[in-house]
Amino acid sequence: MKTVLAFDFGASTGRAIKAVYDKGTVSYEEVHRFDNIPKTVDGHVCHDVDMIFGEIVKAIDKAGDIDSMAFDTWGVDYALLSADGRLLHEPFHYRDGRTDDALEKVFEKITPDELYGETGNQIMNINTLFQLVCDENVQKADKLLFMPDLFAYLLTGKKVCEMSIASTSQMLDMKAKNWSKKVLDKFGITESLFPELCESATVNGEYKGIPVISVAGHDTQCAVAAMPAKTENPAFLSCGTWSLIGCELDEPVMTEQSNALELSNELGANGKINFLKNISGLWLIQETRRNLSETDRKYSYNELEMMARDSERFRSFIDPDDASLSAHGNLPDKIRAYCERTGQPVPETTGQLVRCIYESLALKYRLALEQISQCTGKEFDVLHLMGGGTKDGFLCELTARSLGIPVIAGPIEATALGNIVLQLIALGEIKSIDEGRRIIAETQSVRTFEEAHTPDWDEAYERFCRIIKK
């Protein structure tokens, strides 16, 4: 029997999950949760490391006796350390506006095609490389640590760089699985800035005698590691603040077509390539709810869902990834402006507003999966929807109707379970991710949505595609 502690940190919430593995079964409970609220430092949106570390210590104390612990977090963000191991600045939040013109800065030195050909990452101005070109502390820094590695370092004093989180950076050579010398040289970044790369499921240091393990530092890769797939051609959707939809491949796809379609290659915990697309996710609902609470009234998520269900179908759509919708603040007004700009009915009620978001996400998932099929030749027979989105039955229903294939929602705690499985592999309790997936499939509950795909969804999809191209 082994007891492990999985820290699963999103960009808005942090949690600690205590799990017990005994005779082929996993039981778990949440022992601590906190709001991960960014703070403003010198006019920039930053992560509050002192606050987060304080919550980590609280969680460890609450957990009691454990055999190991590990961290997974959102991707791309990082901390820069001085030679004596201090933070040079609070880590910037990927939604901070300093990278608004970062694309232009990067493309002065390397073309988008060259950059994609080296890294295979979907080019986004939030990726680590684009953040670094806007960070005046880079030349002063001794080491860069991605967020899960930072939290482990604060406990152990050991600096490492886990592979899956590194693969979100736009600096890793996806074929060689090492840093791209070409990219680093273009921007005067020395490879010594990065600590040693390590694989997922590696013990890296101790805290008060407790092993601290590098799992898949990127939460998406933890979720995929827990995918209870039983069919030949499954797709996955890790749905939380962001939606990452894709499939597992043996080799990266880094073609002109995949670049033009903005598809990304990231390293999975099992060494496979997760070929995927990053799409804005439930943040759109979360931010809308937050903004409404400031001007109207406080709605529960269930109330928002009920109002959306009762609203007119296919009235108006948004591109969830439109740049005008990516920043904090006044999202309902931004959505109304988008609809007006694209010649659609402007959402007048809260239900219309939220339904617009839900349907737009479901239709964007269809577009992304069709693009992935075009690049891989794969025809998917099921979508495994994992993460916070599994709690949202309406989103699951709409996604199944939009795609026309079954949607298997769950496990709800896929990210934490992937973290747990990888810790158990490092401790020698489980042999492989495949074994971990079998255990999860046999012991965790899922819901299957097999909603009928009707012709009106095809008509809505065609209109959606026309609108987002405007």
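**A working chat about the fold and S214**

Reader: How many of the contacts in the chain with a separation of 6 or more come from residues 24 or more positions apart?
Author: Residues 24 or more positions apart account for 72% of those contacts, where contact means heavy atoms within 4.5 Å. This is a predicted model, in which local features need pLDDT of at least 70, side-chain atom pairs count only at pLDDT 80 or more, and totals for chains, interfaces and linings use all residues. Residues are numbered from 1 along each chain as its sequence is written, and side-chain values use heavy atoms, with hydrogens and water left out.

Reader: OK, and how many helices and strands are there?
Author: The chain has 17 helices and 21 strands, both being DSSP runs numbered from the N terminus, with at least four residues of H or I for a helix and at least two of E for a strand.

Reader: What share of the residues is buried?
Author: Of the 470 residues, 60% count as buried, meaning under 20% relative accessible area with a 1.4 Å probe and protein chains only.

Reader: Switching to S214, where is that residue?
Author: S214 sits in strand 14, which covers residues 210–214.

Reader: Is S214 buried or exposed there?
Author: S214 counts as buried, because its relative accessibility is 7%.

Reader: And which residues does S214 touch, leaving aside neighbours within four places in sequence?
Author: S214 is then in contact with V160, E162, C198, E199, S200, A201, T202 and N204.

Reader: Last one, what box do the C-alpha atoms fill?
Author: Taken along the principal axes, the C-alpha atoms of the chain fill a box of roughly 60 × 55 × 45 Å.

Definitions and conventions
Buried means under 20% relative accessible area, exposed over 50%, partly exposed in between (1.4 Å probe, protein chains only).
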